[in-house]
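Dear colleague,

Please find the structure below, handed over for your review. My notes on it follow directly after.

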Amino acid sequence: MSSSKTDVVVLGAGIVGVSAALHLQAKGQTVTLIDRVAEAATETSFGNTGIVQSEAVFPYTFPRAPGEIAAAALGLDPRVHIRYAALPAIAPWIWRYFLASSAGRRMATAMAMRGLVGRCVAEHRALAEPAGATALLRESGWIKAWRTTRGEDHAMADVEEEKPFGLPTVKLSRDDLIELEPHLGGVVSGGVHYPDPLTTPDPQALTQTYANLFVARGGKFVAGDALSLAQSGDGWTLTTADGPLQASAAVVALGPWTTDLAKAFGYRFPLGAKRGYHMHYAANDGAFLNRPVLDVERGYVLTPMRRGIRLTTGAEFARRDDPPSSAHLDRLEPFGRGLLPALGARLDSAPWLGKRPCLPDMAPVIGPAPRHKGLWFDFGHQHLGLTLGPVSGRLLAEMIAGETPFIDPKPFRADRF
Ligand SMILES: Cc1cc2nc3c(=O)[nH]c(=O)nc-3n(C[C@H](O)[C@H](O)[C@H](O)COP(=O)(O)OP(=O)(O)OC[C@H]3O[C@@H](n4cnc5c(N)ncnc54)[C@H](O)[C@@H]3O)c2cc1C
């Protein structure tokens with residue numbers, strides 16, 4: 001079978017790969033997008049909380065207070081779930097995460113991330129409008145709601161820290177909260193509203209609509225195994241469902257699976273998977289939510305989705321490929337029923353599992369592979385892949401096109417580990 005040719009092959013059709021493909025195409029490159037089944041957003045980008053977190057300048061760091069670490073380690077903190085059998089395997093990554101979570105390194109990551117996060121809403125709009133996806137982006141922001149003064153102090157400390165970055169927030173009394181979200185239960189006593197972030201009622205549909213735009217503009221989206229990538233002369237070859245493909249450049253956007261390919265080329269990235277689950281629920285008696293609400297002390301979010309009210313969990317520390325467990329979701333569900341008393345029956349037969357691809361410093365890798373011409377990385381978007389997919393795609397495409405990137409890409413370089 002004769003080979004087909006493309007300028008760039010993008011490996012992985014989650015929100016990160018689809019966005020990169022669109023931006024490269026806009027630079028005049030011919031682009032082929034590859035995923036296992038030629039369907040977009042079947043993995044981590046399928047089932048997230050759906051918030052384009054324009055407030056998320058500070059990374060989600062590992063706790064440093066001994067009491068907080070002990071509570072999490074002993075299973076007393078419902079915000080995290082630890083699969084103890086996995087600890088020997090994931091301990092080296094946790095240690096690196098702990099080290100990268102010092103106050104100084106946390107601030108360094110925030111300074112780097114603000115350039116990306118600051119453009120996340122604009123870059124989503126720039127894709128959503130031509131894709132006909134504006135109805136999939138809501139303008140009502142999201143809320144962090146607290147139960148106790150401890151939760152309030154925690155959430156307001158975040159607000160204080162974020163102030164120099166000019167992020168709009170509105171503090172809510174219990175009455176203010178009920179005015180915005182009339183069906184919340186008596187367990188919450190106040191909150192803070194972030195009005196600027198966009199939210200989507202269907203993250204998978206949003207990514208698929210972006211992928212449809214890529215195809216409508218002439219891009220090819222083909223099934224193939226990214227692990228068949230091989231260097232050939234000055235370029236790259238790959239086996240796809242349509243036969244062999246030759247490309248001048250390859251972009252690796254395989255989310256948590258990036259390491260499987262990277263190690264074949266000698267790159268050992270410290271990539272962990274902070275896993276998370278979701279479940280949809282009916283809402284009884286016509287109750288509704290207008291926007292996602294985080295239960296600050298319990299660390300899960302209830303989000304109004306097309307399919308129902310989605311409960312998404314915080315982080316499960318486990319090996320990437322450990323089998324799913326319903327334990328974290330089962331533990332959080334009663335809290336969700338307190339937060340929204342009208343939360344009805346489960347709508348999914350089993351919890352959905354996603355794997356947040358996390359580097360220890362909670363910043364992505366966006367840039368060239370240090371030792372291979374024409375190989376590029378775009379992965380490690382941790383808790384923020386939906387937020388950062390489009391803006392990362394722009395940064396990557398500018399670098400590949402040899403243009404001056406709109407921000408300094410150095411903090412995201414691949415050789416920083
Ligand atoms: C519970 C939960 C809630 C979240 N909430 C939010 C949120 O509100 N806002 C936010 O910004 N982010 C959120 N995230 C994080 C976000 O979902 C991820 O950062 C993002 O989806 C990562 O996208 P990706 O494209 O890098 O990876 P993925 O979506 O996982 O895509 C990787 C792709 O690579 C493909 N692939 C893998 N191996 C191969 C192979 N060998 N050959 C071909 N293809 C392959 C997979 O099929 C997959 O399609 C959340 C995550 C979770 C788990």
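Which residues does the domain assignment of the protein give to domain 1, and which to domain 2? Domain 1 is made up of 1–61 + 100–138 + 199–271 + 360–417, and domain 2 of 76–86 + 142–195 + 272–358; such bounds come from an automatic or database domain assignment.

Please note that this is a predicted model, in which local features need pLDDT of at least 70, side-chain atom pairs count only at pLDDT 80 or more, and totals for chains, interfaces and linings use all residues. Residues are numbered from 1 along each chain as its sequence is written.

Overall form. The protein contains eleven helices and 21 strands (DSSP runs numbered from the N terminus: H or I of at least four residues for helices, E of at least two for strands). Its C-alpha trace spans about 65 × 45 × 45 Å along the principal axes.

Domains. The centres of domain 1 and domain 2, over C-alpha atoms, are 27 Å apart. Their contact takes 25 residues from domain 1 and 24 residues from domain 2 (C-beta atoms, placed from the backbone, within 7 Å). On the side of domain 1 that touches domain 2, nine residues are nonpolar, twelve polar and four charged (Ala, Val, Leu, Ile, Met, Phe, Trp, Tyr, Cys and Pro count as nonpolar, Asp, Glu, Lys and Arg as charged, and the others, Gly among them, as polar).

Ligand. Of the 40 residues around the ligand, Gly14, Gly255, Gly276, Gly354 and Gly385 come nearest (C-beta atom, placed from the backbone, within 6 Å). Elements giving two or more residues to this shell are α1 (15–26), β2 (31–35), β13 (272–283), β19 (352–358) and α11 (385–400). The shell has 15 nonpolar, 20 polar and five charged residues, and draws at least three from each of domain 1 and domain 2.

Kind regards

Notes. Two residues are in contact if their C-beta atoms, placed from the backbone, lie within 7 Å.
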